[in-house]
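Here is a quick tour of a structure, taking in a sheet, some helix packing and a ring contact. Have the model open as you read.

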Amino acid sequence: MSCVALAALVDYLTAELSPDEEAQVEEHVFSCDDCHRRLRAVADLGRGVAQLARRRGGFGMPLTGSLAQKLAAEGLRVREYRAAPGDRVFCAVGREDDLVVTRLDADLAGIDRVDLTLSSGGRLLQRIADAPIDRHAGQVMFAGSGEIMRTWPAMTFDVELVAGERTIGAYTFVHGGVVD
Amino acid sequence: MFLVQPGDAAEAELFREFAPRIRLYGLRHLRSEHAADDLVQQVMIIVLESVRAGRVREPERLASFVLGTSRLVAKGLRSGEWRRQGLLDRFGPTMAGAESEPAAAALDLDRLRQCLDGLPARELTVVMLTFYAERSGDEIASELGTTSGNVRVVRHRALERLQGCMGAAS
């Protein structure tokens with residue numbers, strides 16, 4: 001077998017290969033120093049990702065329900081807010097919060113792609129293109145790092161979910177700063 | 001003629017060469033750092049014993065032998081049957097004296113964080129679901145309302161970007 005492509009190394013680690021393909025990769029990796037080194041590099045990246053997710057202070061990211069569950073189960077301090085379209089939500093970040101999770105309800109039926117925009121005072125602060133939709137929960141979720149959010153002043157955010165040209169949800173979050 | 005002489009520094013070198021490979025195999029198949037470490041110990045005991053006894057004579061067959069032993073022992077570990085504790089006494093010094101992996105540079109987590117921040121949202125989510133939440137491709141596909149084939153493509157792209165960002169050659 002010639003050297004293993006990155007895609008196959010990733011598929012090997014994530015158990016996506018057929019038994020025959022897996023056996024071929026293993027036989028090659030056990031005898032090829034370069035491919036072994038490359039496989040280790042991918043495995044190390046995977047471990048690094050998990051370490052970062054668990055870090056105190058939180059790692060801001062788009063979320064799904066299973067990610068949110070695992071973060072909470074592992075003892076990260078998570079504060080959650082949920083909003084339906086049109087809601088005005090008063091929110092804050094705790095002194096010890098690792099993550100602040102926002103769950104946005106919306107009618108996502110038949111929608112393949114949604115972009116999320118975050119604005120304040122009419123100024124666009126962030127745009128998340130193709131934000132993952134949690135189909136089980138029927139929500140778009142994201143997590144803000146507690147560490148970073150504690151540096152924010154009190155301010156009001158406008159969040160929109162946009163599908164193509166259509167706004168499918170608009171939400172207002174009144175961030176009050178840090179609470180005990 | 002033996003592949004290596006008993007007690008030879010080459011035994012320590014064998015350990016250094018194959019322990020990381022066995023460990024990766026263990027992580028993949030046993031899904032636990034502890035079990036992977038256990039696998040390394042058990043497999044290397046057998047390999048070193050076999051080499052000392054002259055049962056593996058051709059260097060070109062050694063890698064296959066180690067892999068085959070890893071498969072057998074992993075199967076035994078999964079079923080809870082495998083223990084060769086007695087041999088640890090004979091080979092403990094060899095393994096204790098050899099670093100199982102060269103002192104690889106620790107992953108720069110701050111840099112990785114920046115690289116992850118630079119990923120498109122969907123790729124970041126798939127990466128997190130894969131390596132942190134340890135969800136299967138099918139589970140991720142179901143949660144995100146896509147196909148497992150699409151999950152694989154997104155994951156490949158993400159890893160390629162991460163490796164490029166971290167400066168590793170793929």
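Predicted model: local features only at pLDDT ≥ 70, side-chain atom pairs only at ≥ 80, totals over all residues.

## A sheet in chain A

Strand E3 and strand E10 (residues 166-179), both of chain A, run parallel where they pair, with six bridges between them.

## H1 against H3 in chain B

Over in chain B, helix H1 (residues 9-30) packs on helix H3 (residues 59-79) at an angle of about 40 degrees, and the axes are 10 Å apart. The two helices, H1(B) and H3(B), are therefore oblique to each other. As for handedness, H1(B) crosses H3(B) in the right-handed sense.

Which residues make the contact? From H1(B) come Leu14(B), Phe18(B), Ile22(B), Tyr25(B), His29(B) and Leu30(B). Facing them in H3(B) are Leu62(B), Ala63(B), Val66(B), Leu67(B), Ser70(B), Arg71(B), Ala74(B), Leu77(B) and Arg78(B). By class, the contact of H1(B) with H3(B) has eleven nonpolar residues, two polar and two charged.

## A ring pair between chains

Tyr25(B), part of that H1(B) contact, also turns up in a ring pair. Searching the whole structure gives two aromatic pairs over all chains. One of them is Phe30(A) with Tyr25(B), an edge-to-face pair at 6.4 Å centre to centre and 80 degrees between the planes. Phe30(A) belongs to helix H2 (residues 19-31) of chain A and Tyr25(B) to helix H1 of chain B, so this pair joins two chains.

## H6 against H7 in chain B

Another helix pair in chain B is helix H6 (residues 121-131) with helix H7 (residues 137-144), packed at an angle of about 135 degrees with axes 10 Å apart. That makes H6(B) oblique to H7(B), and the crossing is right-handed.

On the H6(B) side, the contact uses Arg122(B), Thr125(B), Val126(B), Leu129(B) and Thr130(B). H7(B) supplies Ile140(B), Glu143(B) and Leu144(B). Sorted by class, the contact of H6(B) with H7(B) has four nonpolar, two polar and two charged residues.

Notes:
Residues numbered from 1 in each chain as written. Chains lettered and ligands numbered in written order. Heavy atoms only, no water. Pairing = 2+ DSSP bridges. Helix = DSSP H or I, 4+ residues; strand = E, 2+ residues; numbered from the N terminus. Axes fitted to C-alpha atoms, helices over the stretch in contact; angles between N-to-C directions. Parallel < 35°, antiparallel > 145°, perpendicular 65-115°, else oblique. Left-handed = near helix turned anticlockwise from the far one by under 90°. Contact = heavy atoms within 4.5 Å. Nonpolar A, V, L, I, M, F, W, Y, C, P; charged D, E, K, R; others polar. Phe/Tyr/Trp six-rings, centres within 6.5 Å; stacked < 30°, edge-to-face > 60°.
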